[in-house]
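Look at the model below.

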Amino acid sequence: MARTTTTMTVRLSGPLSDYVAANVGEHGDYENVSEYVRDLIRRDKARKEQEAFERLKAELSQAYAAPESSYTPLTAADVIARNRS
């Protein structure tokens, strides 16, 4: 699969610009702004994936805790139809 590179321009001013500048360069954790932004995006992506995983775990925990008498058989078509609504 071919990877594409996208160049983006972001304008920051005041406190945001100062904050980024403090985290980049000789005294910061990142060598350049691009590295910092890529890390922020990766962390945000990981956070959202973790949130989705936690929701799934909560749903599964609730399902496993339910009494067996509450289960009803479903076909794949039933599940698909339920998820569409």
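Lys 45 counts as exposed, at 52% relative accessibility. The side chains of Lys 45 and Glu 49 meet in a salt bridge, 2.8 Å from N to O. A salt bridge is a side-chain nitrogen of Lys or Arg within 4 Å of a carboxyl oxygen of Asp or Glu. Lys 45 and Glu 49 are four residues apart in helix α2, so about one helical turn separates them.

The model is predicted: local features need pLDDT of at least 70, side-chain atom pairs count only at pLDDT 80 or more, and totals for chains, interfaces and linings use all residues. Residues are numbered from 1 along each chain as its sequence is written, and side-chain values use heavy atoms, with hydrogens and water left out.

Now take Arg 47 and Asp 44. Their closest N and O atoms are 2.5 Å apart, in a salt bridge. Helix α2 covers residues 33–65, and these two lie three residues apart in it, so about one helical turn separates them. Arg 47 is partly exposed at 42% relative accessibility. Asp 44 is partly exposed too, at 31%.

Further along is the pair Lys 57 and Glu 54. Their salt bridge has its closest N and O atoms 3.6 Å apart. Glu 54 is partly exposed, with a relative accessible area of 35%. Lys 57 is partly exposed at 38%.

The chain has 12 positive and 13 negative side chains. Lys and Arg count as positive, Asp and Glu as negative; His and the chain ends are not counted. The centres of the two sets lie 7 Å apart, with each charge placed at NZ of Lys, CZ of Arg, CG of Asp or CD of Glu.

Now the whole chain. There are three helices and zero strands. Helices (H or I, at least four residues) and strands (E, at least two) are DSSP runs, numbered from the N terminus. Buried residues make up 7% of the 85 residues. The C-alpha atoms fill a box of roughly 65 × 30 × 25 Å along the principal axes.

Conventions. Buried means under 20% relative accessible area, exposed over 50%, partly exposed in between (1.4 Å probe, protein chains only).
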